[in-house]
Amino acid sequence: MIGIVVVSHSRALGDAAVALAVEMVAEDKRPVIAVAAGLDATTFGTDAMAVAEAVGAADSPDGVLVLLDLGSAVLSAELALEFVDPSVAEHVRLTSAPLVEGLVAAVVTASTGTSLEAVAAEASRGLAGKQDHLGDVAAVESAPMVAGDQSVEVVVGNAHGLHARPAARLVGLVNGFEAVVTLTDLDTGKGPVDAGSLSMVATLNAQQGHRLRVGASGAQAAEVLAAVEELAADNFGDAVVVAASRPGGSGLDVAIGPAVLADAAVDLSGYVAGDNEVPRLDEAVGVAGDELDALRDAGGEHGGIFEAHLAMLDDRKLLEEVRATIAGGTSAPVAWKQTYDTLAATFEALDDPYQQERAQDVRSVRDRVLQHLAAPASAGAPAAEGGPAEPAPSGRAGPSVDGAAAPAQLDTPGILVVGELDAATAATLDATQVAGIAVRAAGTTGHGVIVARSRGIPLVAGIGDVAVRAGAVVAFDARSGVFDTAPDEDRVRATIADRLGERERAIADAPAPATTRDGRTIDVLVNVGVVQDAVDVRGADGSGLVRTEVLFGNRRTAPTVDEQVEAFLAIARALGNKPITIRTWDIGGDKPLPFLPQEHEPNPFLGERGLRVFRRRPELLRDQLAAIRRTAAETPVHVMFPMVTTADEVDWALHELGPRDNLEVGIMVEVPAAALRVATLAKELDFVSIGTNDLTQYTTAADRTNAAVAPLADGLDPAVLQLIDQVVRNAGVRVAVCGDLASDPQAAVLLAALGVTELSAVGPQVPLVKARLRQADLSQVDTAAALAARDAAQVRALL
Ligand code: PEP
Ligand code: MG
């Protein structure tokens with residue numbers, strides 16, 4: 001095996017580059033790597049004598065490859081060759097390959113016992129993957145490959161696609177056989193590329209779920225294909241982590257169980273400060289970081305949340321601040337808490353409600369570290385599996401509240417009562433142990449609520465300050481919004497049994513169309529925020545709303561057109577290529593896009609929202625429309641523009657869209673003005689979709705995120721129903737509803753009776769909505785009474 005020398009001006013840089021590269025291969029396969037970097041540990045510079053020594057240390061009969069960083073590194077290395085024995089110098093090769101990428105490629109290739117020449121060629125192509133991905137002009141030249149005599153098809157199961165480590169394992173494997181092996185990504189059409197070259201494999205940029213054709217020819221073609229199949233089945237050597245965010249809950253909206261209070265501070269009463277506060281903190285931060293790493297890798301679409309938590313944990317400035325406070329004589333937990341409390345307060349003071357809700361992410365990170373300070377792993381304390389993010393109904397990590405002890409051991413799953421629900425908790429709690437979640441805060445835009453709902457965990461929000469005793473049996477019914485601290489247990493259990501039966505039957509029947517008893521077929525579709533929503537749903541007739549701002553809401557940079565196409569196609573595939581309705585970016589109000597910052601507005605829900613934003617800044621919208629058109633070339637797609645008010649806006653959007661080809665085009669009706677003049681707006685459209693969430697808040701002047709006015713913002717308010725009726729009568733095109741009202745089976749019947757032909761609901765409700773429609777005779781629904789009712793309560797009573 002060849003040896004490798006790294007020459008750098010910086011010792012830290014050289015060592016870190018080596019540490020990164022050797023991660024890619026198993027310990028017993030690593031080549032010898034010698035570092036000649038820096039004049040000492042902290043002084044920058046290169047020294048020819050040190051390079052000569054490194055060459056001697058890495059020398060091998062197979063040769064030595066020298067990778068270098070800048071300017072004088074090259075001169076020093078050349079000079080070093082004058083100092084070493086000529087018989088050694090003649091098999092040393094200096095390469096112009098990029099230091100980091102080249103070293104990674106070299107280490108991986110060398111580990112397979114390949115020749116110096118082949119390793120050097122690989123190192124030189126180290127930038128290939130990046131260049132190809134970013135579309136740099138200097139794209140890689142490589143000999144065209146033929147696909148091979150024999151082939152198999154494998155699927156990339158790894159959460160982050162065929163990234164460096166799994167790719168390195170593949171390369172290491174195929175190079176051990178006497179065969180030429182190629183890879184073709186059947187989902188993108190890229191390839192065939194040389195599977196024995198890390199840089200070529202990187203150019204495929206194969207993502208999770210992509211199908212790869214592996215071709216092989218040569219003496220061991222069959223053997224290598226069998227080995228690749230085995231490696232792929234083993235997730236290319238990556239640990240298979242069951243996505244923590246699945247499986248989900250019962251999908252019911254009613255729950256009962258002993259209260260598990262998890263809204264109290266971490267108990268640090270047993271903490272004794274010493275003279276080793278900084279190491280204790282570092283250990284706790286380290287363990288928390290490992291947990292978050294694992295959660296990110298396991299978190300599927302929700303992985304981005306933990307990426308954000310990791311960024312909050314690794315913030316160097318904050319850590320310095322905590323260390324400085326400790327140096328001033330404060331204990332680690334107090335110093336840590338102070339700094340993160342201040343950060344949380346900063347988020348809370350922001351005007352933007354979405355940013356305010358990020359304070360709960362900060363508190364989640366804060367408590368994760370505090371838990372480890374309270375019960376350090378090194379002290380042998382039984383740290384709660386999954387850390388503080390996993391509230392334990394067993395009482396394992398249950399903090400005390402109001403002096404009451406958390407329940408010692410529960411026989412039945414509990415109701416988790418939380419002040420606010422952070423995403424880590426929602427994604428990682430064991431849904432088989434938690435009967436439901438009761439959230440004191442009313443907000444619905446928090447990641448935690450979104451994640452829990454998408455997992456089908458029974459949840460009620462906005463229960464307020466109601467006093468709850470730990471361990472006492474509580475119940476809630478989210479259909480009525482009632483949280484009961486002294487429930488009639490038999491009655492609740494009977495309701496649960498009924499609803500479970502109802503749900504099971506509905507799921508069994510879900511694939512059948514929702515045809516009412518009087519013969520009207522209503523399409524019932526699913527609202528999608530993450531791809532998994534489309535995967536999990538049963539019986540959806542497509543998607544009536546893809547919330548693109550949620551789909552890419554964890555991104556710090558705008559997704560490329562390719563990335564958008566990929567996500568849209570994944571959704572369509574999961575839904576069996578039934579039509580998907582892609583809504584263009586709907587930002588503003590409570591929904592910012594991190595990569596499209598907006599200016600502060602005094603009244604954001606009445607400000608630049610949805611389509612309004614893009615009239616001034618159309619670039620991002622144009623990219624998205626390009627992605628939508630490309631997706632439409634492969635699968636049925638409807639495009640929909642949000643927050644439309646005027647006919648001018650519709651004209652502008654249609655102009656931006658350009659030729660419609662096979663696209664169906666619609667707008668959302670969320671503004672009362674749009675509902676009233678829908679006939680004018682819909683002239684050139686194929687459909688309109690009513691967003692009852694916003695239509696309700698604008699009709700009733702009740703901010704949908706403000707718990708204080710929540711009772712006013714009721715989608716069954718007759719004023720809202722009258723607007724819906726007006727839209728159905730006058731639109732002249734297909735009318736859908738994709739607001740949350742469509743997820744309520746009773747309301748769904750009324751909407752269908754009013755003439756709505758398409759309903760888009762949250763995934764777990766789709767089978768129930770279909771089942772309820774099948775039982776209904778729409779001609780018997782007294783729509784006139786509902787429209788003339790005094791208030792929402794009267795409409796509900798009618799239903
Ligand atoms: C709505 O307003 O009803 C809707 C579906 O859009 P969003 O909830 O995403 O604002
Ligand atoms: Mg809306």
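Q: How do S16 and strand S17 pair, in the parallel or antiparallel sense, and over how many bridges?
A: S16 and S17, the latter spanning residues 543-547, pair in the parallel sense over three bridges, where strands (E, at least two residues) and helices (H or I, at least four) are DSSP runs numbered from the N terminus and pairing needs at least two DSSP bridges between strands. This is a predicted model, in which local features need pLDDT of at least 70 and side-chain atom pairs 80 or more, whereas totals for chains, interfaces and linings use all residues. Residues are numbered from 1 along each chain as written, chains are lettered from A and ligands numbered from 1 in written order, and side-chain values use heavy atoms, leaving out hydrogens and water.

Q: And which residue in S17 is the bridge partner of valine 526?
A: Valine 526 has serine 543 as its bridge partner in S17, and in S23 its bridge partner is alanine 761. Strand S23 covers residues 758-761 and runs parallel to S16, to which four bridges join it.

Q: What about strand S15, how does that run against S16?
A: S15, which is residues 514-515, runs antiparallel to S16 and is joined to it by two bridges, with alanine 514 standing opposite isoleucine 522 in S16. The two strands form a hairpin with five residues between them, and glycine 519 in that turn has a positive phi of about 85°.

Q: Is S16 mostly covered or mostly uncovered?
A: Mostly covered, since six of the eight residues in S16 (521-528) are buried, that is, under 20% relative accessible area with a 1.4 Å probe on protein chains only.

Q: Changing topic, what is the order of the open sheet of six strands?
A: The order is S12-S11-S10-S9-S13-S14, and the pairing in this open sheet is mixed. S12 (459-461) and S14 (482-484) stand at the edges and have a single partner strand each, so one side of each is left without a neighbour in the sheet.

Q: How many bridges join strand S9 to strand S10?
A: Three bridges join S9 (residues 254-261) to S10 (residues 414-418), and the two run parallel; alanine 259 stands opposite isoleucine 415 in S10.

Terms used. Buried means under 20% relative accessible area, exposed over 50%, partly exposed in between (1.4 Å probe, protein chains only).
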